[in-house]
Each structure stands twice: as C-alpha cells, then as structure tokens.
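Hi everyone, thanks for coming.

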Amino acid sequence: MAQHPSANPIAQTATNPSRRRFLSQSSSMAAGALLYTQLGHHGAWAAGSDAPEKKEVKIGFIPLTDCASVVMASVLGFDQKYGVKIIPTKEASWAGVRDKLSNGDLDMAHVLYGLVYGLQLGVGGAKKDMAVLMTLNNNGQAISLSKKLADKGAVDAASLAQLMAKEKRDYTFAQTFPTGTHAMWLYYWLASAGINPFKDAKVITVPPPQMVANMRVGNMDGFCVGEPWNHRAIMDKIGITAVTSQDIWQDHPEKVLGTTADFVKQNPNTARAVMMAILEASQWIDASLQNKVKMAETIADKSYVNTNVDAINQRILGRYQNGLGKTWDDANHMKFFNDGSVNFPYLSDGMWFLTQHKRWGLLKEHPDYLAVAQQINQIDLYKQAASQLNIAVPKNVMRSSKLIDGKVWDGSNPAQYADSFAIKV
C-alpha cells in the first residue's frame, strides 16, 4: 500500500524544521538500522581498535544537488551505525571550503575534484597535502546560456561560436572555482567549438547559489554550475541549457569527499567510518525513484540547498528540458552509486584534472601525474570501506572515456594528452 505523504517523516522535512530535527536526532538510528537490514549488510567497523578516533565530523558542503549523499547519511542515521556523527556544514563558496579544509575548521568536505588536486600542487590556494576518500557523484552539471543569447540563435557550442564571431563584443562566462570541475567543463566545451576561453572571452568566478541572480542582472552570458541552478535558470526564464556535463564526458567524476592528508593519517578509522556511511547513503539514493524524491524533498530545505523541490527533482529523475521546448529522458543523469561504479577514486580521474590545469596554464610544467594521484586518492582505505559493505571495486585503477571532442582519455600518457590540444594557453 502506498504511504500517504503526510505519514512520511522524510517528506515532511522539507516543510517542517522541527520534524527534520526530530528525524535526525531521534529517529535516524531506527531509520538507518531498518534500511541497513533491508539492504542486507552485516557488521559494522566501529569497535575496539577500529573505533573512530573522532566522534563528530564536520563536513562542509555547497548548496548543490550533489551534496545529497552527505546530507542523507546524516539525516537517515547511517553515520551513527559506524560510531560517528556527521555534521553537515553549509558553506557560501568553494574558496570558503578550501580555506576551512586547509585550516582544520572543517574535517572533510563535499568538494570539487580539481580544487583538491590544485591545493596539492599549490594552485588555487596555499599548497597543502590533500586526500580524496571517494567520488560522491557522476554527471549532473550543465552549461547554461542566457535567454538573450538563445533569442539570437546561440543554443549550443557551434551556434555560440558563430554568434561570437559575428557580434565581436566582449563575452563573459562564469565558473565556480578556477581549478574546479565546472571551470574545466566550461573550458573544454568552449574549446571543442574553437572558442579559446581565455583569448576569446572573459571568465569570472561566481559561487553556485549566486549564478542565477548574476545572470538575471546581465553579469554573464553563460555559466557552468551544478544542479539545481541550471534548471532554476530555466524555471526563472532567464537561461537555457546548452549542454549537460554528461554530454561532455559520460559518467565523469564530479564532487569528491575530500580532506587533508593529515586528517587521514591521524583519523583513519574515522575516515573509513564516514566513507561507509556515505556509501550507504549513496546506495540508498540510487535504490529507487521514491528514494530520489525523498532526497529532493529533504535537501530542498533552506538548511541545505534552499530552493523549491521542483528545481531539484526533475533532473535527479533524469527528466530534462532545455528551456526552448525540448524535453528528454537522460539515462546518464546524476548518479550517486550506480552499483558502486560511481564511488571508486580512479587514479585516472584525478590525473585528468591535472592535464587540464596544465592545458590552461594553471600548471607551468608537467607534474608527475601518476605519483600525485597515488598520493591523493585513498584507494586502499576505499577498498576497506567497500569490502565491509560487499561493494565491488574495479580491478583497474584507470578507466577509459571518450569526451565530446572525440579524444580518448585513459591515463596512459597524461603529458602527451595535455599537450595534444590545439586550443590551450
């Protein structure tokens, strides 16, 4: 029998703060334990010498749909089963996340993959040894162009290039952090159409929740950001979706669970416990459409993403529209688990961001791509967490993908790959 929405404690969280607190504080253990039993998992790594060194873990997040696994691990009580309490901490910008991670105000963060790699090499922030514990999601970002550009015919990369060549004016595009994922998707997409993002346009940095407001007042012609802000631009009739990030790179790495190398060294059991909790939350989100809807209702609350549920739930279910009348079902929508293939921290994923940092002049020399990735990505720790939950891990730490321009990336020769692009700095 279907449950009436009013009887659903998670659905109520979007509109009833006191109920949300009750759920997270009083009912989360029961809810989490029930789901744990239903999913068939056995045992917990939270006792004796394996007990977490730190009981409360502050995890920073930016108001984006892909913070969901961190939030739901806390709300559903998965964290408490492993002897930790996740405290999701809402942050205003990626620069703020960077600073708080570096100085220890945050223990971990839902964070841009490229931001972590940049810090390791002293790019985009003071040099700091960092760690990627796991990938949080694949896909689910997009590039939006202003409705004004769309009205002039610029609706994709090719037509944008034609309009830019014709108008001969200054064009401004926004990304969310100089070394981050959105900057790299934006640059890659523009370059695929022959547009040099640094010579042919101006690029600015804008925090994700401020993208729509800035486009509304005409501060940029386009932006790359995570959901729900691309769909929000369509709902507000100020922008259109020109391309999704999964069309740039299907099943691309996106946000990661990041921390400092020091935190992992000092708190390996805590790191593993948090990973296990978030792995379960990821599995729960992807388990059913009903769970995705419940997740959307939860994170839409002002404590998290602070938008209406409709801005989140359509694209999380793979129901896309471009703002120009086209609608489609996208099988490659945002995924949090996907039978475990999402979360493994492939070395080649991290290395790809370094190749793009070199391509765009953020790195002046080729780093030791493989050595950097091996230092950052905590593959052994991930395997320990995954094995406890009977989650399969790939045999190869590299993977192969073909991107929108036809180039294949497999991590085998990163320096050659970085130098192979016709358009670069």
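**A helix contact and a cavity**

Let's start with a contact between two helices: from helix 5 come Val116, Tyr117 and Gln120, and they meet Val372, Ala373, Gln375 and Ile376 of helix 17. Sorted by class, that contact has five nonpolar residues, two polar ones and no charged ones. Please keep in mind that this is a predicted model.

How do the two helices pack? Helix 5 covers residues 113-120 and helix 17 covers residues 369-376; their axes are 11 Å apart, at an angle of about 110°. An angle from 65 to 115 degrees counts as roughly perpendicular, and so helix 5 is roughly perpendicular to helix 17.

How many cavities of 30 Å³ or more does a search of the whole structure find? The answer is one. The largest cavity holds about 40 Å³ of space. Its lining is made up of Thr65, Gly140, Glu227, Ile312, Arg315, Ile316, Tyr320 and Met334. By class, those lining residues are four nonpolar, two polar and two charged.

Which element gives the largest share of that lining? That would be helix 15, residues 309-316, with three residues. So let's stay with helix 15 for a moment. Its buried residues are Ala311, Ile312, Asn313, Arg315 and Ile316. Among the elements covering them are strand 5 (141-146), helix 10 (229-235), strand 9 (239-244), helix 14 (289-299) and strand 11 (319-321).

Thanks, and I'm happy to take questions!

How values were computed. Residues are numbered from 1 along each chain as its sequence is written. This is a predicted model: local features need pLDDT of at least 70, side-chain atom pairs count only at pLDDT 80 or more; totals for chains, interfaces and linings use all residues. Side-chain values use heavy atoms; hydrogens and water are left out. Axes are lines fitted to C-alpha atoms, for helices over the stretch in contact, and angles run from 0 to 180 degrees between N-to-C directions. Helices (H or I, at least four residues) and strands (E, at least two) are DSSP runs, numbered from the N terminus. Angles under 35 degrees count as roughly parallel, over 145 as roughly antiparallel, 65 to 115 as roughly perpendicular and the rest as oblique. Contact means heavy atoms within 4.5 Å. Ala, Val, Leu, Ile, Met, Phe, Trp, Tyr, Cys and Pro count as nonpolar, Asp, Glu, Lys and Arg as charged, and the others, Gly among them, as polar. On a 1 Å grid over the protein atoms alone, a cavity is a set of points where a 1.4 Å probe fits but cannot get out, and a pocket is an open set with protein on both sides within 12 Å along at least five of seven lines; lining residues have an atom within 4 Å of a point. Grid points are joined across faces, edges and corners, and a volume is the space filled by probe spheres set on the points. Buried means under 20% relative accessible area, exposed over 50%, partly exposed in between (1.4 Å probe, protein chains only).
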